[in-house]
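Here is a short report for a first look. Keep the sequence and the 3D view at hand while reading.

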Amino acid sequence: MLHCRSVLAKGLGELGRERVRARLTAMIRLESVTKTYRGRPALVGISAVVEKGEFVFLTGPSGAGKSTLLRLLYRAEVPDAGRVVVAGQDLSALNRREVAELRRRMGVVFQDFKLLRRRTVGENITFVLDLLGLPEREQQRRAYHALRQVGLQHRLSAFPEELSGGEQQRVAVARALVVQPELILADEPTGNLDPERSHELMAFFREANYRGTTVVVATHDVSLIAAHPARTLVLERGRLVQDQWGSP
Amino acid sequence: MRQHLWREVARQLREARGMALVAVLLLAVGGAWAMLAASFLQWGRAGLLRAASQTVVVAVLVEGANPALLQASVASRFPQAKSVALSPRELGQTLAGWAGGAAAEGLLPAAVSVTVPASQAQALGEFLRSQPAVAVVSSSQEWVDPALAGFSLALRLAGLLATILVFAFGALVVLVVRLLVLSHADEIAIMRLIGAHEEDIRAPYLVASTLLGVVGGAAGVGLALLGKFLLDPWVRLPPLPHTYFLLTLLAGGVAGALGAAVGTRSLPQEP
Ligand SMILES: Nc1ncnc2c1ncn2[C@@H]1O[C@H](COP(=O)(O)OP(=O)(O)OP(=O)(O)O)[C@@H](O)[C@H]1O
Ligand SMILES: [Mg+2]
């Protein structure tokens, strides 16, 4: 059943790629991006383009710079050199307000989840919908659906710390998916999940991708890439060493 | 934003409940004090001014002198004056409060109390002092002027104290908001990362503090009304003007909002 679903989603992903190919434009453009932390380079001269509607894996060993690259994309960091362009906007030229507006159009799954600890699971989800100005009923409806998708609709009024690591991760995924973003950036979204949940989650990303969302998934889990082949960027010690199809 | 805003406001008030209560009490006591003091002092001053248009001069006679003779000579010199003879008994009653047993009836001389327009008080005093039958002269003007000055000073001091209390409330709000913001630093960072604007982050603090100010002001109004009710057997204060109520609520709200604005002026930053 589950397998069937992921195969279907994969197929749909291919179909979706065909459909958007006609109107390809870059969602992400990295031009010789370099980021250094106190003299130690975390990213060195990264150049890459991710088109609208693409599904891309970002992989590499621990410390390779995957999270750093994603942080540049949602502008939690700015590069020391080079340019980061997302959805046609040069991120270093944005003011604080524009950054917030851009982030509202993205769904980010953070490696450490970043759930609001003083708010319930339900409020964590409706919060981002509220920022989008959705009416209350719509917020509730969408939050419920998103949580049901990740199998947590019964934990709606629990607080994040009452959930297991894997459950928190699924809430983080639900929060990213619920806004129906143009771009999903997921940092180790399956890090705390069992293989079954991991594949289910990939199916959600595939579904979103089929609907036109650009998806970037950072993972060091090669088996995940093997099971869901897609374009894969391989980082090693801050350098982009391969840009290929499927697992390295 | 409504639902999230109100829930966050409720959470913040719950988190700050001890200090929030102190802040509300400060404002309530300050507001009630200001209202009652202003009302009392204005009432007292108005009474004094009314009384001061007429001056009462009391002449205590030497032993054996006839009050009626003095009354007649006063009436001929000051046609507008109204004089009343005080028998030793009446004088004794008047003085009993502070002279005690010594002011027993029979040991006291007679006295004449003369009421004249304030403008003639000086001349009347001099006239009475020149009379051989008069032993002591005392004019109400001697204490009206210092009393008026005292009332003005008291009014200013009361206003100052109330202002200090409102400022203390504002300072406490700044402190509370600052502490809340610092303890929420991680959440504020996350809110930014998921697309919140600065005003989305500030709004709950602003609303909570303004609410605290308005509630404190309202508590002050309640306390003032209670105070007036409790004082009623001793001091018949005029009804508290509604402008006082509005002013107190407004002062509380503005102090709360300003406090929050200062407290959230610098939010934890991201790179
Ligand atoms: N805030 C920071 N300050 C200093 N160094 C940092 C900071 N963030 C990352 N680094 C360094 O940058 C390099 C890349 O880190 P990054 O978190 O991007 O790796 P990663 O590929 O996501 O690893 P993992 O798979 O373990 O999550 C590491 O060497 C790390 O020590
Ligand atoms: Mg990482």
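## Domains of chain B

Domain bounds here come from an automatic or database domain assignment. On that basis, chain B is divided into two parts. Domain 1 of chain B covers 2-49 + 146-266. Domain 2 of chain B covers 63-132. The model is predicted.

How many Å separate the centres of the two domains of chain B? Taken over C-alpha atoms, the centres of domain 1 and domain 2 of chain B are 53 Å apart.

## The shell around ligand 1

Ligand 1 is surrounded by 15 residues. Ser62(A), Gly63(A), Lys66(A), Ser67(A) and Thr68(A) are the closest. By class, the shell around ligand 1 holds seven polar, four charged and four nonpolar residues.

Which elements of chain A supply at least two residues each to this shell? They are β2 (40-51) and α2 (66-73). The most comes from α2(A), which gives four residues.

## Polar contacts and cover

Ser67(A) has a polar side-chain atom 2.7 Å from an oxygen atom of ligand 1. Ala64(A) takes part through its backbone: an N or O atom there lies 3.2 Å from an oxygen atom of ligand 1. Arg40(A) uses its side chain, with an N or O atom 3.5 Å from an oxygen atom of ligand 1.

How much of the accessible area of ligand 1 does the protein cover? On its own, ligand 1 has 630 Å² of accessible area, and the protein covers 69% of it.

How values were computed
Residues are numbered from 1 along each chain as its sequence is written. Chains are lettered from A and ligands numbered from 1 in the order in which they are written. This is a predicted model: local features need pLDDT of at least 70, side-chain atom pairs count only at pLDDT 80 or more; totals for chains, interfaces and linings use all residues. Side-chain values use heavy atoms; hydrogens and water are left out. A residue is near a molecule or strand if one of its heavy atoms lies within 4 Å of it. A polar contact is a pair of N or O atoms within 3.5 Å; within protein, one must be able to donate a hydrogen and the other to accept it, and residues adjacent in sequence count only if both atoms are side-chain atoms. Accessible areas come from the Shrake-Rupley method with a 1.4 Å probe; for residues, only the protein chains shown count as cover. Ala, Val, Leu, Ile, Met, Phe, Trp, Tyr, Cys and Pro count as nonpolar, Asp, Glu, Lys and Arg as charged, and the others, Gly among them, as polar.
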